[in-house]
Amino acid sequence: MPSIWHASRLAEIMHFHWQRVYNQAFYQQFAGVVENVIESFSKDAFINKIFDESFDDMELKARMAHTSTVLHYFLDDDFDVAAKQIIAIIDALESKGIAEKSVEYMFFPHYIEQFGLDEYETAIVAFERITQFTSCEFAVRPFLVKYPEPMLAQMIEWSRHAHPSVRRLASEGSRPRLPWQWRYLLTKLAQRHYYQF
């Protein structure tokens, strides 16, 4: 019983920790960088939209999705332009020595997944850059489902990339954690591409 209690308590502590990565200090820092990248961006308006009446009750994944949704309000309506804006934001964060400490910037790939699923070419370019800053392994899976053949070919290409994070995306993003029918399809596609390559 003590071990079960301790495991449960540890899970609570970890949940609280992950949830708290999205806090006032994080968003202030992030918005301060974005306002220097996007001319029309309003830091105060962004913070106000983030901390709405439902924010305190959100768990980690909900806060992540909420952040990408709020960011969408401030980025360009054209997904191609918005993806370039995200990459510019990442460049600006890195130039200031700001790096991901846990999972806090995974709203970037979530944005690509949420708003770019119908924009394959632009999304692929964005994933290749974003994954060098934060993990995209979960965000690429809907693309594997919708575009199995081109995505598998892309995964093979990424597996040869010079950057280790891109190579990791190729392996982690294509792990068989999908419904069985997609695991079957990807296995068949993998066999076909094996003989091609």
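Me: What should I know before reading the values?
Reply: It's a predicted model, where local features need pLDDT of at least 70, side-chain atom pairs count only at pLDDT 80 or more, and totals for chains, interfaces and linings use all residues. Residues are numbered from 1 along each chain as its sequence is written, and side-chain values use heavy atoms, with hydrogens and water left out.

Me: How many helices and strands are there in the protein chain?
Reply: Eleven helices and zero strands. Both are DSSP runs numbered from the N terminus: helices are H or I with at least four residues, strands are E with at least two.

Me: Why is α2 called roughly perpendicular to α5?
Reply: Helix α2 (residues 24-34) and helix α5 (residues 79-95) pack at about 110°, with axes 9 Å apart. Axes are lines fitted to C-alpha atoms, for helices over the stretch in contact, and angles run from 0 to 180 degrees between N-to-C directions. Under 35 degrees is roughly parallel, over 145 roughly antiparallel, 65 to 115 roughly perpendicular, and the rest oblique. That makes α2 roughly perpendicular to α5.

Me: Which residues of α2 and α5 meet there?
Reply: Phe30, Val33 and Val34 in α2 meet Ile89, Ala92 and Leu93 in α5, where contact means heavy atoms within 4.5 Å. By class that's six nonpolar, no polar and no charged residues. For the classes, Ala, Val, Leu, Ile, Met, Phe, Trp, Tyr, Cys and Pro are nonpolar, Asp, Glu, Lys and Arg are charged, and the others, Gly among them, are polar.

Me: And what makes α7 roughly parallel to α9?
Reply: α7 and α9 pack at about 25°, their axes 12 Å apart. By the angle rule, that makes α7 roughly parallel to α9. On the α7 side the contact is made by Tyr120, Ile124, Phe127 and Glu128, and on the α9 side by Pro150, Met151, Gln154 and Trp158. This contact has six nonpolar, one polar and one charged residues.

Me: Why is the pair of Phe51 and Phe55 called edge-to-face?
Reply: Rings of Phe, Tyr and Trp (its six-membered ring) pair if their centres lie within 6.5 Å; planes under 30 degrees apart are stacked, over 60 edge-to-face, and the rest tilted. By this rule the count comes to 27 aromatic pairs. The rings of Phe51 and Phe55 have centres 4.8 Å apart and planes at 65°, so the pair is edge-to-face.

Me: What kind of aromatic pair do Tyr120 and Tyr147 form?
Reply: A tilted one, with 4.8 Å centre to centre and 55° between the planes. Tyr120 is in helix α7 and Tyr147 in the loop between α8 and α9, 27 residues apart. Both Tyr120 and Tyr147 are buried.

Me: Why does Thr131 count as buried?
Reply: Its relative accessibility is 6%, so Thr131 counts as buried. Thr131 is found in the loop between α7 and α8. Leaving aside neighbours within four places in sequence, Thr131 is in contact with Cys136, Ser165, Val166 and Leu169.

Definitions and conventions: Buried means under 20% relative accessible area, exposed over 50%, partly exposed in between (1.4 Å probe, protein chains only).
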